[in-house]
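Hi,

Here is the structure I promised to pass on to you. Please open it next to this email, and my notes follow below.

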Amino acid sequence: IGSFYTLPKSYNFSIEAFYKTLSNVITDKKFSSIQEPAVHWEDLFELGKGTAYGLEFFAEKNYGKTTGWFAYTLSKAERQFKNMNDGKAFPYEFDRRHSLNIVINQKFSDKIDMGIVWVYSSGRNITLPDGQYISNFGLTNGTNSGDNNYIPVQSDINEYKVPSYNRLDIGLNFHKHKKWGVRTWSMGLYNAYNHHNSFLIYVDCDKIRKEEKV
């Protein structure tokens with residue numbers, strides 16, 4: 001459901017709300033509480049349900065030398081499987097609670113214009129070990145230390161979040177009219193302030209053990 005407004009001088013505004021239920025959602029059994037040998041390929045997956053809902057705000061100015069738009073989304077997405085996370089619903093991996101996009105275009109003349117884009121989103125959800133224990137019964141996570149095997153204790157599914165994602169992009173265009181058309185030279189700066197966005201998270205158990213022994 002949504003509402004849209006158009007004001008004088010080409011200002012546009014909108015607000016929308018959405019709610020969606022999902023059935024027959026499929027995921028692999030890497031975090032399943034039941035680990036049985038797979039006989040058929042179907043045995044490798046869990047079947048469950050999910051929900052996704054939120055609000056979207058949008059504002060735009062598309063007239064004059066300075067134009068641009070602003071978009072913000074507040075949303076939540078969850079998944080639930082009988083044999084995972086004790087049957088409790090958990091945040092979907094790509095659930096982004098906050099998402100913001102700001103675009104500003106400035107026309108200096110018929111020959112030069114500039115664009116600025118800033119994007120922000122909450123970090124995605126991940127599952128990390130809450131701790132580890134020592135096993136002497138042949139169990140292993142692939143890393144041995146002497147006669148002992150260190151087994152990680154996983155958190156609830158997607159209990160943690162990686163740091164938020166944000167960046168600033170700047171573009172500058174130079175136009176020149178030719179007999180055959182328009183020539184444009186473009187210069188761009190991606191992630192202008194060099195923000196370190198996290199794409200992968202590694203847990204170094206060996207390093208943790210060394211720090212514990214010190």
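A residue counts as exposed when its relative accessible area is over 50%, as buried when that area is under 20%, and as partly exposed in between. Please keep in mind that this is a predicted model.

By that cut-off Y19 is exposed, because its relative accessibility is 58%. Y53 reaches 32%, so it is partly exposed.

These two residues bring me to the aromatic rings. How many aromatic pairs does a search of the whole structure find? The search finds six. In one of them, the ring centres of Y19 and Y53 lie 5.6 Å apart with an angle of 25° between the planes, and therefore the pair is stacked.

W118 is partly exposed at 27% relative accessibility, and Y120 is partly exposed with a relative accessible area of 27%.

There is also a charge over a ring: the charged end of R79 sits over Y92, 3.9 Å from the ring centre.

Finally, have a look at the surface. A nonpolar patch there is formed by I15, L55, F57, F70 and L74, which together have about 360 Å² of accessible area. Strands β3 (45-61) and β4 (66-80) each give two or more residues to this patch. F57 lies in strand β3 and is partly exposed, at 31% relative accessibility.

Best wishes

Definitions and conventions: Residues numbered from 1 in each chain as written. Predicted model: local features only at pLDDT ≥ 70, side-chain atom pairs only at ≥ 80, totals over all residues. Heavy atoms only, no water. Patch = residues over 30% accessible without salt bridge, like charges linked within 9 Å, V, L, I, M, F, W, Y side chains within 5 Å. Areas by Shrake-Rupley, 256 points an atom, 1.4 Å probe, with all protein chains shown as cover. Salt bridge = Lys/Arg side-chain N within 4 Å of Asp/Glu carboxyl O. Helix = DSSP H or I, 4+ residues; strand = E, 2+ residues; numbered from the N terminus. Buried < 20%, exposed > 50% of the residue type's maximum accessible area, 1.4 Å probe, protein only. Phe/Tyr/Trp six-rings, centres within 6.5 Å; stacked < 30°, edge-to-face > 60°. Lys NZ or Arg CZ within 6 Å of the ring centre and 35° of its normal.
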